[in-house]
Amino acid sequence: MNNRQLFIAFWTILVKEVRRFTRIWAQTLLPPAITMTLYFIIFGNLIGSRIGQMGGFNYMEFIVPGLIMMSVITNSYGNVVSSFYSTKFQRHIEELLVSPTPNWIILSGYVIGGSVRGLLVGLIVTLLSLFFTDLYIHNFWVIVSVVFLTAILFSLGGFINAVFANSFDHISIIPTFVLTPLTYLGGVFYSISLLPEFWQHVSQINPILYMVNTFRYGILGVSDINIGVAYAMIIGVIVILFSYSMYLLNTGKGIRQ
Amino acid sequence: MTTALSIKDLRKVYNNGFEALKGISFDVQEGDFFALLGPNGAGKSTTLGIVSSLVNKSSGQVEVFGYNLDTDASKAKCELGVVPQEFNFNMFEKVEDIVITQAGYYGIPAAEAKKRSEFYLRKLGLWDKRNEPSRSLSGGMKRRLMIARALMHEPRLLILDEPTAGVDIELRRSMWEFLREINAKGTTIILTTHYLEEAESLCRNIGIIDRGKIITNTSMRELLQQLNTETFILDISPAQTECPQLDGYQVTLQGDHTLLVDVEKSQGLNQVFAQLSGQGIEVTSMRNKSNRLEELFVSLVDKTLGDNAKGGAADE
């Protein structure tokens with residue numbers, strides 16, 4: 001396939017993915033909007049007003065970047081894991097496998113498709129947050145780059161989960177028992193400086209802490225961790241997950257007999 | 001003549017240790033209408049799965065129009081269209097979206113894909129259903145949708161794995177006509193089917209696979225010539241209550257107006273007519289039983305079963 005044909009194949013997968021999650025918008029776009037609005041009202045307004053300052057900002061301002069990132073993470077992951085698993089389950093993955101579309105295009109199409117949903121939900125949550133607080137922009141390029149990289153990283157994670165999944169139970173185990181606890185413990189609702197020193201060190205092995213804090217730095221200009229280390233970690237994990245996903249696709253793990 | 005599909009020493013051992021293919025080799029020439037037959041579990045779907053890149057082979061070589069599936073996969077896949085046995089499209093997508101998306105996977109621009117989708121959906125009687133979700137189609141329509149989808153990139157080799165399974169007779173005949181038409185225009189077709197009448201009617205060459213081995217690979221004409229006996233169906237008058245006896249022939253009365261007569265190659269039909277006429281029975285019409293292939297198929301598979309049993313006994 002020449003470059004134009006490769007782009008058409010990539011675009012076809014991307015359009016199919018976007019068409020899928022917009023067709024079922026009541027399951028994909030509406031729930032995070034409602035959930036995050038409840039977070040803003042309950043944690044931000046009602047409880048937050050009694051908490052006072054966090055990291056030098058009022059509590060609502062502090063949690064908004066974390067909640068936006070939480071939406072991006074769960075939706076990027078959730079889109080690819082459910083879409084690619086359904087593709088396997090209904091066997092229309094075979095449409096792709098018989099075609100000349102190379103594996104890296106298949107992976108890119110699904111990952112960018114998942115990222116688009118993550119970013120779209122992130123945008124919706126950002127717009128909703130404007131009803132509750134003012135949003136600052138400390139560094140625009142940090143905001144854009146880290147949210148995009150995070151969406152890619154968790155889309156790759158969702159893809160790997162889908163490859164190994166053999167039932168619908170398997171696609172909810174990781175989000176429920178790994179992703180949600182890591183997100184809640186990743187500095188969305190608090191600054192790790194509040195923790196005892198030992199737990200501060202433990203928190204630093206949580207990758208989500210780096211993404212949430214980098215994003216918060218882009219908006220508020222404050223972070224619990226070093227931004228350079230955070231970028232290196234995020235890019236490093238993306239490279240590892242992409243390589244592993246390609247290995248799984250090339251060997252046909254979970255998709256070829 | 002160009003070889004459309006070349007399979008050499010193809011082996012497949014599944015993870016559970018089951019050896020589905022034991023080194024099969026065969027070629028299909030360009031323009032052919034080839035039947036790949038075999039009992040359930042013989043290795044047909046595994047063979048086609050490997051050719052379609054849906055199953056990983058253990059060893060061996062597959063070439064599609066000279067393009068090696070290992071080293072030149074992209075070109076090989078462009079020449080190949082696949083209609084699988086089971087429905088494998090997104091049940092929630094619209095009919096037209098399914099075929100246009102498939103074209104996209106082959107790098108076909110949207111405008112051209114749209115044009116082709118209209119052509120093939122009209123050709124297969126699905127144009128009126130183009131905006132319906134695929135799950136609302138009947139079983140026959142779903143099969144036709146898979147054929148339309150497989151043709152979107154206009155492959156030179158089309159593989160159909162039991163395309164008429166569960167399809168009513170009228171629709172089956174119309175699908176046969178369509179397949180004959182695209183074959184006449186140059187598309188090489190490989191077909192697996194359990195309806196041996198279908199293979200006999202459509203295919204020029206045939207491979208029979210059993211227990212992972214090719215047991216016959218020849219032309220349909222040569223294969224049918226191996227039959228020593230042919231069965232003729234005679235409609236007779238007046239009605240008979242008992243089966244008439246014909247010297248030298250095996251005769252069965254089916255209903256009161258129909259006779260089945262087995263005629264060996266060395267025998268003629270004149271004696272049949274003469275003997276019936278002598279008994280005051282008139283033959284009003286005659287045809288031969290069309291599922292001759294079925295008899296051969298059963299005898300070939302039974303023979304390998306017997307050979308294997310003997311081999312097994314010797315090993316013990």
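Helix 6 of chain A covers residues 103–129, a run of 27 residues. In this predicted model, the helix reaches 39 Å from its first C-alpha to its last, close to the 39 Å expected at 1.5 Å a residue; the expected span is 1.5 Å times one less than the number of residues. Helices (H or I, at least four residues) and strands (E, at least two) are DSSP runs, numbered from the N terminus. Of the 27 residues of helix 6 of chain A, 21 are buried, so the helix is largely enclosed by the rest of the structure. A residue is buried if 20 or more other C-beta atoms, placed from the backbone, lie within 10 Å of its own, exposed if 12 or fewer, and partly exposed in between.

Chain A as a whole comes to 11 helices and 2 strands, in the order α-α-α-β-β-α-α-α-α-α-α-α-α from the N terminus on. Its radius of gyration is 19 Å, close to the 18 Å that the globule rule gives for 257 residues, so chain A is as compact as a globular protein of that length. The radius is taken over C-alpha atoms, and the rule is 2.2 Å times the number of residues to the power 0.38. Buried residues make up 47% of the 257 residues in chain A.

In chain B, strand 8 (residues 188–192) is mostly covered, with 5 of its 5 residues buried. In a regular strand the side chains alternate between the two faces of the sheet. B:Thr188, B:Ile190 and B:Thr192 point one way from strand 8 of chain B, while B:Ile189 and B:Leu191 point the other way. Strand 8 of chain B pairs in the parallel sense with strand 3 (residues 33–37) of chain B over 3 bridges, and B:Ala35 stands opposite B:Leu191. Two strands pair if DSSP finds at least two bridges between them. Strand 7 (residues 157–161) of chain B also pairs with strand 8 of chain B in the parallel sense, over 5 bridges, and B:Leu160 has B:Leu191 as its bridge partner. From strand 7 of chain B the chain crosses through helix 6 (residues 169–184) of chain B to strand 8 of chain B, and this β-α-β crossover is right-handed (with the strands pointing away from the viewer, the path from the first strand over the helix to the second runs clockwise).

Residues are numbered from 1 along each chain as its sequence is written, with chains lettered from A and ligands numbered from 1 in the order in which they are written. As the model is predicted, local features need pLDDT of at least 70 and side-chain atom pairs count only at pLDDT 80 or more, whereas totals for chains, interfaces and linings use all residues.
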